[in-house]
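Please read the following briefing alongside the sequence and the model. It covers how one chain is divided and how chains meet.

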Amino acid sequence: MNLADQIRAAWTWLTTSAHWSGGDGIPHRLLEHLQYSALALVIAALIALPLGAIVGHTGRGGFVVVTIANFARAIPTLGLLLIIVTVMSIGLTPVLIALTALAMPPILVNTYEGIRGVDPDIKDAARGMGMTGPGILLKAEVPVAMPLVLLGLRTAAIQVVATATIAAEVGIGGLGRYIIDGLARKDYPSVVGGSVLVLLLAVAVQVAFVGIRRAVVSRGLRNQA
Amino acid sequence: MIRIVRGAAVGVAVALALTACGSSGDKSGGNPLDQKSSGGGSGGVVVGSANFPESQLLGEVYAQALEAKGVKVTKKFNIGSREVYYDQVKSGGITVMPEYNGALLTTSVDKTSKAVTTDEVNAALKAKLPASLEVLDSSKAEDKDSVTVNSQTAAKYHLKSIADLKPVAGQLTIGGPSEFKTREQGLVGLESKYGLKFKKFQPFDANAQTTLVKLLKSDSIQAADLFTTDPTIAANKFVVLEDPQNVFSAQNVTPLVYKSGLNDTGVAALNAVSAKLTTADLLAMMTKVVGDKQDASTVAKDWLKQAGLGG
Amino acid sequence: MNVIAAADGEPLIRWDWIGDHTGQLADLTVHHLKLALLPILFGLVLAIPLGVMCVRWRWLYPPTLGVANVLYGVPSLAFFMLLIPYFGIGSGGKADFTIIVPMTLFSLSVLVPNVVDGLRSVPDPVRQAATAMGFGTLRRLIQVELPIAVPVVIAGARVATVASISLVSVGMLIGNGGLGQLFIDGYARDFTTPIIVSCVLIIALALVSDGVLVAAQRLLTPWARRRTR
């Protein structure tokens, strides 16, 4: 099978209408995939953003946070998932825990580094304008740190979207089904097709973050970082 | 910013090309590298195993039986499903693979085969296997795929045979390895021979038998394709449904061999294993591996010693 | 969601299992390091010239980075599977490249930007001074620019190394995941001990490798230490 045939096979797989409907159809699997990914990302952000911001703002506990985050980065997601599944049984919760653990470190470290790295002069200026601790954090530090914070969120989002495929290993849905089932059945068009979908999703996340960055980062900062 | 987007677009195009080209040549024979991957090159016999504990156990049994006769062995365990490893045996990348004759026949050799008994299956295999491959003697030990239900489902619908499922299958979820969905000895055969259409199929990696067992126990699924030598079937009072239409054919443990990679000593060693191995042995060994968490290598060694085959 | 492992009386960790398997654990650890670290080495070998080219010809950088980032988005399992027909399956020998090649490409998405940032961090006066001293382009690159870029490059190598050590374990799904092999062993038998032990070893490997890289950076950039003192 040559390159052209291969592309055609994957294209045929992607464009076969039977693959676009029902519980095993692409829209349903895509939705599942997005659902796990988004949920994990939101949970991770809800924990890591405030934590990183507070630690960066106060400057206390920074070393501990970075050390723990580096430690957490090293946790193999699949291993963690299998431990939780073995102990708890199957379900969405183990997948969410594992993906959240994957998403937290980059958000946490980037938020912390971003806030900590804000020029002291900016903080002084804010203080001079009569702002207090929380005001300085929210109105001066967060906007200035925003590019780094977004970078952390983007890294986390891409990792989660690509890694959510392993949910299929423990019987959960998502686009990983096409890859894991395709491997078991030696159905390569399904593997390639599924991978292309995950890839496109990862690219869509990148593009979305370009848009978010435009909307959120103040113009004066856009050329940096 | 636009440049990044454009960069990403170029990236997608290139990556798509790469992924596509990475996957070309998956059809066996078309790829020159396949021939070179012969394990015989290093002078050893490569024993493989599929991705579930019993296959690894049998791989250990074969490997140690060969070693006891002085054959140099390399192990490549936990490779995946038959769909994945079969081509590797065909091209000599793996020399010896523990197989189940019936499943081998209908998954990889002749999907339409009607052979049911051990003799029929082996005759069909001998006739249809590619020239590079052969099956050695089959053992008496059998481990079939099955349709197994939990006790509450069996009681509720008075289930004894797969045929009893016909009126109720639409209300039941069945779990099994991914490949079960597309195999003749799986949902395909269950539909064509019994007219069964289940409400839902819950796919799992073949590795995840223990998870299937948990789900079956908690009634999250009502039926599952469990291997009949799974010690948890008896422990949980699951009911293995009879199969009067023989969707699941004979499944004798049988070595699949890349012919030119194994000498007569090796063949004799594996045939000696097959002569001794019974279903009861297999069940007892699986209880030690899965239940008592003993190592497959230890359990295999004990069995070989007890059978008088371990040097 | 019921806690079944506990209900069956299986402890989370069987300590004696660890003692009985030190040999296997050592072998898997060595193999794991090979699968995870060779890609970083290959990645650096590719990323440094790529980075140099991207700095020299600026238009090259966005597409290069785009490709690297997109490759990073390919699910690792799919990547491994697509290479099986070329390098084979199982562990050891040529089959290891089924894992090493994708891991190398994954590392590029971190290494290339860091090489570029590192080279761009070289102050212009330094570059001009080197030129004024009669350094040719190549000599300037090797003796002046790359050493200055070392801290940023190593920072990238650290991130890539930790990610690589953790990600290699996914290879277990095709029978070659280093310590990840124990995940499947444990999962298939409802046996948490091997999974936990291999996870702990993987984390330990990542932290030790990270420490080694920090030490390497100190050795390679003695001037940085002197300045902070």
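Chain B falls into domain 1 (12-142 + 250-306) and domain 2 (147-240), with bounds that come from an automatic or database domain assignment. This is a predicted model, in which local features need pLDDT of at least 70 and side-chain atom pairs count only at pLDDT 80 or more, while totals for chains, interfaces and linings use all residues. Residues are numbered from 1 along each chain as its sequence is written, and chains are lettered from A and ligands numbered from 1 in the order in which they are written.

**Between the domains of chain B**
- Domain 1 of chain B puts 18 residues into the contact and domain 2 of chain B puts in 12, two residues being in contact if their C-beta atoms, placed from the backbone, lie within 7 Å.
- On the domain 1 side, α5 (101-109) and α12 (279-291) of chain B are the elements that give two or more residues; helices are DSSP runs (H or I, at least four residues) and strands are E runs of at least two, numbered from the N terminus.
- α12(B) contributes the most to that side, with 7 residues.
- The domain 1 side comprises 7 nonpolar, 8 polar and 3 charged residues; Ala, Val, Leu, Ile, Met, Phe, Trp, Tyr, Cys and Pro count as nonpolar, Asp, Glu, Lys and Arg as charged, and the others, Gly among them, as polar.

**Chain B as a whole**
- Chain B contains 13 helices and 10 strands.
- Among the contacts in chain B with a separation of 6 or more, 78% join residues 24 or more positions apart.

**Between chains A and C**
- Chain A brings 31 residues to the contact and chain C brings 35.
- On the chain A side, α3 (62-73), α4 (77-88), α7 (133-163), α8 (176-185) and α9 (188-216) each supply at least two residues.
- That side of chain A has 19 nonpolar, 10 polar and 2 charged residues.
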